[in-house]
Amino acid sequence: MKTSIRTFVVVPALPEPLEPLRSIAYNLWWSWNPAATDLFRRLDFDLWDVVGHNPVAMLAQIEQQKLEQAAADDAYMAQLCRVVDSFYIYMNGRKWFDEKYPDQSERVIAYFSAEFGLHECMPIYSGGLGILAGDHLKSASDMGIPLVAVGLMYRQGYFTQQLSEDGWQLESYPSYDFHQWPVTLQRDSDGKPLRVGVRLGSQQVLLQVWLAQVGRVRLFLLDADIAENAPEMRSITSRLYGGNERTRIRQEIVLGIGGLRALQALDVHPHICHMNEGHAAFLALERIRYAMKDLGLGYREAREAMVGGHIFTTHTPVPAGIDRFPPGLVLEHLSWIAEELGMSHDDLISLGREHIDDSDSAFCMPILALRLAFYSNGVSKLHGDVARGMWQSYWPGVPREEVPITHITNGIHTRSWVSGPMNELLEQYLGPSWAEATEEDPSWNRIDEIPDAELWRVHVRRRERMIAQIRRRLHEQLKARGAPPAEIRAADEVLDPEALTIGFARRFAPYKRATLLFRDVERLKRLLAKRETPVQFVFAGKAHPADKAGKELIKQISAICLQPEFRRKVVFLENYDIALGRILVQGVDVWLNNPLRLHEASGTSGMKLAPNGGLNLSCLDGWWPEAYNGINGWAIGDGRVYDDLGYQDHVEAESLFNLLEREVIPLFYRRKEDDLPRKWIGRVKDAMRTITPFFGTNRMLREYAEKLYLPALRRTLKVCNDSFETAKRLASWKEALRVQWHQVHVAEVEAAANGVLKVGDSIPVRALVHLGSVPPDDVAVEAYYGPLGIEGEFLRGRSATLRYVGAAENGTHRFEGTVPCGSSGRHGFAVRVLPNHEDLVDRYDQGLVVWG
């Protein structure tokens with residue numbers, strides 16, 4: 001018999017004095033404010049752990065008697081009043097953006113990401129991309145940046161990890177009750193759940209929208225798991241990075257197109273859309289479609305008007321991390337948008353075609369984002385260069401250093417990761433706003449005023465607490481695995497609270513080389529056998545369910561953990577998440593990071609060590625080349641890249657062991673009568689001073705605001721003013737130039753160089769350029785010059801403008817200028833012709849460049 005069940009939601013009956021707890025619980029501000037978190041923990045310490053540190057679930061499950069007791073507790077109520085005052089000031093006070101850019105505070109920036117790592121109670125993240133996105137929102141809130149965010153509400157999250165007896169990763173997918181999360185369902189004017197629809201080929205999916213309030217920032221999460229949808233449609237938002245290609249493309253259409261429609265339904269109209277990775281790139285097509293349908297623009301005009309508001313951040317130099325779809329699958333789902341954009345199916349596919357001349361080439365989401373973004377950036381200085389090389393083929397004829405991909409180095413939201421005791425110590429000596437202080441702030445010089453004994457005592461206690469929590473976790477995971485009682489009891493004795501503790505926790509992707517330490521097992525055994533200098537290692541991390549190579553690495557480490565020589569000194573912890581990550585970065589002495597060079601875009605886990613008194617031992621990849629100064633940690637290898645990956649592993653494993661044996665371990669145990677490792681503490685202080693202020697999301701958000709958001713906003717306003725007159729004029733000019741460009745070529749180049757040149761000399765250059773019907777004002781003629789490599793390539797090219805001299809004959813024109821000789825060595829130059837227009841920002845966006 002089929003029963004019709006009517007649903008309703010019951011909320012906790014809070015005593016009136018405790019009513020402010022409800023609004024605090026539904027704003028994730030509490031997650032980076034220890035005093036607010038403590039309000040919920042104090043209600044019931046055991047229940048707080050049971051509900052996964054989730055205040056909404058806690059208020060729903062706590063005994064009413066305990067709430068009444070808290071309401072009658074003067075000390076508790078005094079703390080609640082202090083937190084409420086802090087919350088009010090935070091939500092209503094003027095912030096950095098309000099003070100510096102008051103005329104732009106009403107503009108809206110929409111940030112789209114497939115995952116958000118805000119807190120362990122909302123498992124809609126898998127790794128660094130999500131953690132970065134969560135920290136991005138928190139700092140945007142702290143700084144008052146007018147940002148909203150859009151993501152997906154995954155019913156089963158990523159996955160829960162458990163290891164089998166032989167160490168093989170097993171995945172389970174519990175379904176979550178969103179009514180127990182700090183989110184609220186959005187409703188329309190009639191009080192009904194808000195619905196937005198997205199067409200997926202011949203089908204339509206309806207989406208409801210949840211709101212997670214992150215301080216002052218609103219995060220809207222789209223949910224397809226509603227009764228109106230067919231089972232196949234409901235599963236779209238089931239699992240993060242789950243399913244096949246069909247599921248993934250549907251998720252990305254929902255994120256980009258559905259996300260924009262949700263914002264419009266909520267009366268949120270963003271001026272700027274920031275795509276955090278290529279997953280949301282379909283939003284660019286939807287914005288162009290909207291400008292055509294609702295604003296009456298043609299395709300080229302709409303593209304000019306909308307693209308100025310698109311920002312794309314690429315996060316991965318690893319091919320496995322890039323979404324590619326068969327063209328047929330794209331057309332199956334999106335042929336309707338091609339029709340509405342007035343383009344052919346082939347034109348639509350060409351927007352994401354990785355190899356433009358190959359009709360069978362896959363549709364690449366980062367290519368779509370790069371083509372339709374005003375600014376694109378990598379996430380570290382090194383990654384910016386890697387990304388320019390990786391995508392250079394999309395800009396044929398453009399030197400690598402001029403490929404329009406910049407970089408903004410990632411950071412962390414420091415207050416989300418620093419331990420409470422360390423925060424109190426730093427507040428005492430640096431001031432209450434130490435975590436927000438910029439790298440130029442003189443307060444960082446007061447790091448040296450912190451007594452070594454106080455700093456060391458705080459860190460040692462965090463290590464002791466970490467080991468106690470590790471033992472408890474090991475006890476639970478062995479019990480769940482069905483291990484023998486003796487093995488479960490042995491978990492209570494693993495690790496030494498006083499020993500040098502080295503942590504390695506991250507996604508178990510093969511390029512991260514989790515097993516590099518075990519290339520020489522016998523040497524490691526000797527290292528761990530020294531009783532006078534004990535060392536121990538803690539590993540944690542998940543492999544993607546489809547990544548067998550990553551799972552094999554976990555299995556190898558699990559097997560090593562069981563060997564007698566390693567049993568109590570090397571541990572692997574299951575189900576790595578934000579909670580475990582926080583425990584580890586607050587307690588380990590050293591963070592080990594050894595990715596294959598040029599494969600780590602940035603990495604942020606190591607950044608979390610510095611404010612907690614830990615040090616990094618890392619390969620020179622991602623963020624570490626910018627941070628490492630020779631004192632604030634250690635560098636594995638010298639940054640060289642070898643063609644033979646086996647040899648690369650050998651060289652860097654050797655470097656790792658040499659550093660451990662000759663520098664890291666001896667320095668940790670070099671102590672005098674007071675038992676303080678003062679040289680070690682000196683490195684810790686240097687790391688705090690040099691890493692913490694720069695590698696934070698406050699610095700990162702300042703750069704995004706000033707280098708990308710605000711210039712893109714100014715561009716958007718310029719092209720959209722006066723009924724889109726600039727957009728229309730520029731689109732018309734580009735089309736005319738495109739049609740005529742085939743006439744452009746460099747006919748002749750003369751360089752008057754006599755004999756050997758000295759530094760400081762210059763070379764007169766004259767060029768005769770055939771323009772045909774292209775007006776001379778519509779081109780820029782330049783001499784591109786610089787030192788040359790072994791194969792004749794430019795190493796560090798620069799450009800010098802050749803000024804227009806006058807018309808010659810038969811459609812040719814004369815240009816002349818000079819090439820400076822700024823350094824000695826073998827140099828060269830070449831003449832090129834590029835488009836030129838007062839409203840043109842990216843000279844390469846049409847692919848029009850001629851060399852001669």
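**View 1. The second largest pocket of this predicted model holds about 1600 Å³ of space.** Look for Arg 303, Tyr 394, Asp 845, Gln 846 and Gly 847, which lie nearest the pocket's centre among 49 lining residues. Several elements give two or more residues to this lining, including helix H12 (299–307), strand E13 (375–378) and helix H27 (697–740). The largest share, 6 residues, comes from H27. Sorted by class, the lining has 24 nonpolar, 17 charged and 8 polar residues.

**View 2. The largest nonpolar core brings together 159 residues.** Leu 21, Leu 137, Phe 282 and Tyr 709 have the most contacts inside this core. Here, too, H27 supplies the largest share, with 12 residues. Another core lies apart from it and has 96 residues, among them Leu 478 and Phe 566.

**View 3. Phe 282 and its contacts.** Setting aside neighbours within four places in sequence, you can find Phe 282 in contact with Ile 249, Glu 252, Ile 253, Ile 257, Leu 334, Phe 363, Met 365 and Leu 368.

**View 4. The largest cavity has a volume of about 120 Å³.** Of its 18 lining residues, Thr 414, Ala 435, Gly 696, Thr 697 and Asn 698 lie nearest the centre. H27 gives the most to this lining, with 4 residues. The classes here are 8 polar, 6 charged and 4 nonpolar residues.

**View 5. The second largest cavity has a volume of about 60 Å³.** Its lining includes Tyr 154, Tyr 241, Glu 252 and His 279. Helix H10 (residues 245–265) gives the most, with 4 residues. By class, the lining residues divide into 5 nonpolar, 2 polar and 2 charged.

How values were computed. Residues numbered from 1 in each chain as written. Predicted model: local features only at pLDDT ≥ 70, side-chain atom pairs only at ≥ 80, totals over all residues. Heavy atoms only, no water. 1 Å grid on protein atoms, 1.4 Å probe; cavity = no way out; pocket = protein on both sides within 12 Å on 5 of 7 lines; lining within 4 Å. Points joined across faces, edges and corners; volume = space filled by probe spheres on them. Nonpolar A, V, L, I, M, F, W, Y, C, P; charged D, E, K, R; others polar. Core = buried A, V, L, I, M, F, W, Y, C linked by side-chain atoms within 4.5 Å. Buried < 20%, exposed > 50% of the residue type's maximum accessible area, 1.4 Å probe, protein only. Contact = heavy atoms within 4.5 Å.
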